[in-house]
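Here is a short briefing for a first look at a protein structure. Keep the sequence and the 3D view side by side as you read.

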Amino acid sequence: QVQLVESGGGLVQAGGSLRLSCAASGSIFSIDTWGWYRQAPGQQRELVATITSGLSTNYADSVKGRFTISRDNAKNTVFLQMNSLKPEDSAVYYCNADLRTIFLASLEVWGQGTLVTVSS
């Protein structure tokens with residue numbers, strides 16, 4: 001069994017910063033790609049950023065230059081540094097991991113989500 005637990009969400013004023021973390025635990029052999037997604041009320045879940053095992057990153061156009069995704073393989077953790085936050089960044093943020101278990105089974109796992117609210 002594998003679990004992802006996010007932390008770091010909260011309320012921040014426009015222009016401020018937050019750092020989200022997501023830690024994976026369980027029977028993990030390796031994590032290939034980490035991703036951060038977000039979903040605002042009444043909207044579909046959208047990709048925010050991804051990072052591969054080779055440290056290649058991809059960002060949504062709306063967050064380029066403001067958000068940075070990084071990973072700590074030793075701790076099976078991914079981070080999302082969010083700077084210059086805007087009210088439209090308000091959403092529930094979910095982490096996602098494409099991984100292999102110790103039994104070498106491929107698995108996609110989602111976290112429970114953490115709420116980010118940016119006030120104007």
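Which residue lies over the face of Tyr 94? Arg 45 does, at 3.8 Å from the ring centre. Keep in mind that this is a predicted model.

**Rings and a charge**
- Arg 45 also lies over the face of Trp 110, where the distance from the ring centre is 4.7 Å.
- One aromatic pair turns up in a search of the whole structure.
- In general, two aromatic rings that pair are described by the distance of the centres and the angle of the planes.

**The open sheet**
- Four strands make up an open sheet, and their order is S1-S3-S8-S7.
- Pairing in this sheet is antiparallel.
- Strands S1 (2–7) and S7 (67–72) stand at the edges with a single partner strand each, so one side of each has no neighbour in the sheet.
- From one strand to the next, the twist averages 15°.
- Strands of a sheet pair through backbone hydrogen bonds.
- S3 (residues 18–26) and S8 (residues 77–82) run antiparallel and are joined by six bridges.
- Leu 18 has Met 82 in S8 as its bridge partner.

**The nonpolar core**
- The largest nonpolar core holds 32 residues.
- Trp 34, Trp 36, Leu 80, Met 82 and Tyr 93 touch the most other members.
- Two or more residues come from each of several elements, including S1, S3, S7 and S8.
- Strands S4 (28–39), S5 (46–51) and S11 (114–119) are also among these elements.
- S9 gives the most to this core: five residues.

How values were computed:
Residues are numbered from 1 along each chain as its sequence is written. This is a predicted model: local features need pLDDT of at least 70, side-chain atom pairs count only at pLDDT 80 or more; totals for chains, interfaces and linings use all residues. Side-chain values use heavy atoms; hydrogens and water are left out. Two strands pair if DSSP finds at least two bridges between them. Axes are lines fitted to C-alpha atoms, for helices over the stretch in contact, and angles run from 0 to 180 degrees between N-to-C directions. Rings of Phe, Tyr and Trp (its six-membered ring) pair if their centres lie within 6.5 Å; planes under 30 degrees apart count as stacked, over 60 as edge-to-face and the rest as tilted. A charge sits over a ring if NZ of Lys or CZ of Arg is within 6 Å of the ring centre and within 35 degrees of the ring normal. A nonpolar core is a set of buried Ala, Val, Leu, Ile, Met, Phe, Trp, Tyr and Cys residues joined through side-chain atoms within 4.5 Å. Buried means under 20% relative accessible area, exposed over 50%, partly exposed in between (1.4 Å probe, protein chains only).
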